Amino acid sequence: MRKTFGTGSVWEQTLGYSRAVQVDNTLFISATAASGEDGIVGDDFYTQTRFILQKLGTVLADAGFSFEDVVQSKLYLTDISKWEEAGRAHGEVFGEIRPTLALVHVLPFLDPEMLVEIELVAQKSAS
């Protein structure tokens, strides 16, 4: 079974991608930035990471998953020296869940106000 999930973003249609794709019991969520209705939310790594994780919580719930189902998390940071700020926000959500984690240093994103993007993989246990 393959099912796609979108948020209505113009980028999803323009670039031909889905916010998330579920294949059987696994959900793959595209890299997500701190974009809100009025542009990028937050001007620091902690705030953007926290906002992105809130957005991803909604994506997970819409697909019938939760943070407890997340098995892999990737944080893409434009300044790797700020890893502790992003990590603190990440730890507030995943401290007890403890998915695998990658902290990846990247060049600036298309919008220079974007400091962080997060990509998740979630999997439900076979029942």
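Along the sequence, the protein chain follows the pattern β-α-β-β-β-β-α-β-α-β-β. It holds three helices and eight strands, where helices (H or I, at least four residues) and strands (E, at least two) are DSSP runs numbered from the N terminus. The radius of gyration of the protein chain is 14 Å, close to the 14 Å that the globule rule gives for 127 residues, so the chain is as compact as a globular protein of that length. That radius is taken over C-alpha atoms, and the globule rule is 2.2 Å times the number of residues to the power 0.38.

The model is predicted: local features need pLDDT of at least 70, side-chain atom pairs count only at pLDDT 80 or more, and totals for chains, interfaces and linings use all residues. Residues are numbered from 1 along each chain as its sequence is written, and side-chain values use heavy atoms, with hydrogens and water left out.

Taken along the principal axes, the C-alpha atoms of the protein chain fill a box of roughly 40 × 35 × 20 Å. Of the 127 residues, 39% count as buried. Among contacts (heavy atoms within 4.5 Å) between residues at least 6 apart in sequence, 70% join residues at least 24 apart.

Helix H2 (residues 45–62) packs with helix H3 (residues 83–94) at an angle of about 30 degrees, their axes being 7 Å apart. That makes H2 roughly parallel to H3, a term used for angles under 35 degrees. Axes are lines fitted to C-alpha atoms, for helices over the stretch in contact, and angles run from 0 to 180 degrees between N-to-C directions. On the H2 side, Phe45, Tyr46, Thr49, Arg50 and Leu53 take part; they meet residues of H3 including Glu85, Arg88, His90 and Phe94. The residues of this contact divide into seven nonpolar, two polar and four charged.

Two residues are set side by side below; buried means under 20% relative accessible area and exposed over 50%, with a 1.4 Å probe and protein chains only.

Leaving aside neighbours within four places in sequence, His90 is in contact with Thr49, Leu53, Ser73, Leu75, Gly95 and Leu101. Thr49 and Leu53 are also among the H2 residues that meet H3. Gln13 lies 52 residues from Phe65 in sequence and 24 Å from Phe65 in space, C-alpha to C-alpha.

Conventions: Parallel < 35°, antiparallel > 145°, perpendicular 65-115°, else oblique. Nonpolar A, V, L, I, M, F, W, Y, C, P; charged D, E, K, R; others polar.
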